[in-house]
Amino acid sequence: MFFGFGNIILVGLLLVNAIAVLSEDRFLARIGWSTTVQESSFGGAQDNQSVKAKLVNLIASVRTLLRIPLIILNTVVVIYLIILG
Amino acid sequence: MADPTAQMGLHMGKSAFDAGQQYLESNMNRWVNVASLKHYFNVSNSYVVSKLRLVLFPWWHRPWSRTQHLSHNGGQDFGVYAPPREDINSPDMYIPLMALVTYILFSTLLAGLRRTFHPELFGLTATTALVVVFLEIAIIRLAMYLLSINNESQLLDLVAYSGYKFVGVILTLLLSEIANRGGGSGGWVGWGVFIYTFAANGFFLLRSLKYVLLPDTSPNTNSGQAYTASRSHRQRRTQFLFIYSFPLQFLFMWILTRDSVPTAVLTGSK
């Protein structure tokens, strides 16, 4: 079981794609993982420290930051795979 | 040399060479922090021997904290860690680098002895080992972000800590090869040595990473954060430390000691 280098890059790309396509309002809000989960009784204190909040933040930032580079990377990989057959 | 043209040519060549070297140095300093890299290779022979013994027998070692030189720099003092030459608990990059290269060469040698050698094996083994190290660093970084562990430990520290397992892997491969006479790394001896080196490596990591991942035991850090970590937080961090040291290392060490082809097929045994 040797990891080829190209294989690892493809696996990583697919995983990041999977994180980036989780739709914010159709899926994450349903299961309570959206970025605006805070009760209005606090007034200003936002729960920023727990593992779940950090995960939610991570998913949101992957979605916003990596959208354009992912498009470019996916196009490159698709063209590469088409050429290689 | 009294020939003036030759002298001029020599002078021009020398100044061109100096300019090239300066260009290289300025670019290297931007990408690779050479000064901190030198800290990791500042080892001595006695350090290497004692560190190897520590990786394989970590049970009776007492103080695991790294010594610091407190240096005053314009009013604020921060701790600069002692180099590996003076402090046996300090991680170095010499042993992991040598162990990685030895692992690659040794497993290709074993493949050659079993007559399954092909030249791409070098690249495959190197890629596998580097991917394992990269995955470990990624997991630790992810956990540090998710668990809000604010730690200024350097990247190369973590690389060094994850490189120490290659020592155990090499030992496993060597001893199981000698004992099984080319029959692969299964069997009693192979698994026994593997379990021992895995336990030693896990204990070593547990003790060393305690200072990296659980930061609330040092009384004189002047980080401005108050002690806000709740008890469940600390529990989670400790749990992660355990999960990282033992099951994950088991997985990674097992990956590294696999054979590429089932050797029972090759040697015709069983």
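Trp188(B) is exposed, with a relative accessible area of 82%. The model is predicted. Trp188(B) lies in helix α8 of chain B and belongs to a nonpolar patch on the surface. A separate topic below is the second largest pocket, whose volume is about 920 Å³.

**Nonpolar surface patch**

- Trp188(B) counts as exposed because its relative accessible area of 82% lies over the 50% cut-off.
- The patch consists of Leu174(B), Leu175(B), Ile178(B), Trp188(B) and Val189(B).
- Together these residues have about 540 Å² of accessible area.
- Two elements of chain B, α7 (165–180) and α8 (187–213), each give two or more residues to the patch.
- Helix α7(B) supplies the largest share of the patch, with 3 residues.

**Second largest pocket**

- The volume of the second largest pocket is about 920 Å³.
- Its lining is made up of 18 residues, and the closest to the pocket centre are Gly12(A), Leu15(A), Val16(A), Phe134(B) and Ala138(B).
- Elements that give two or more residues to this lining are α1 (5–20) and α3 (51–65) of chain A, along with α5 (120–146) of chain B.
- Helix α1(A) contributes the largest share of the lining, 7 residues.

- By residue class, the lining of the second largest pocket holds 17 nonpolar residues and 1 polar residue.
- No charged residue is part of this lining.
- Gly12(A), one of the residues closest to the pocket centre, counts as polar because Gly is placed in the polar class.

Note on methods:
Residues are numbered from 1 along each chain as its sequence is written. Chains are lettered from A and ligands numbered from 1 in the order in which they are written. This is a predicted model: local features need pLDDT of at least 70, side-chain atom pairs count only at pLDDT 80 or more; totals for chains, interfaces and linings use all residues. Side-chain values use heavy atoms; hydrogens and water are left out. Patches are made of residues with over 30% relative accessible area and no salt bridge: like charges are joined within 9 Å, nonpolar side chains (Val, Leu, Ile, Met, Phe, Trp, Tyr) within 5 Å. Accessible areas come from the Shrake-Rupley method with a 1.4 Å probe; for residues, only the protein chains shown count as cover. A salt bridge is a side-chain nitrogen of Lys or Arg within 4 Å of a carboxyl oxygen of Asp or Glu. Helices (H or I, at least four residues) and strands (E, at least two) are DSSP runs, numbered from the N terminus. Buried means under 20% relative accessible area, exposed over 50%, partly exposed in between (1.4 Å probe, protein chains only). On a 1 Å grid over the protein atoms alone, a cavity is a set of points where a 1.4 Å probe fits but cannot get out, and a pocket is an open set with protein on both sides within 12 Å along at least five of seven lines; lining residues have an atom within 4 Å of a point. Grid points are joined across faces, edges and corners, and a volume is the space filled by probe spheres set on the points.
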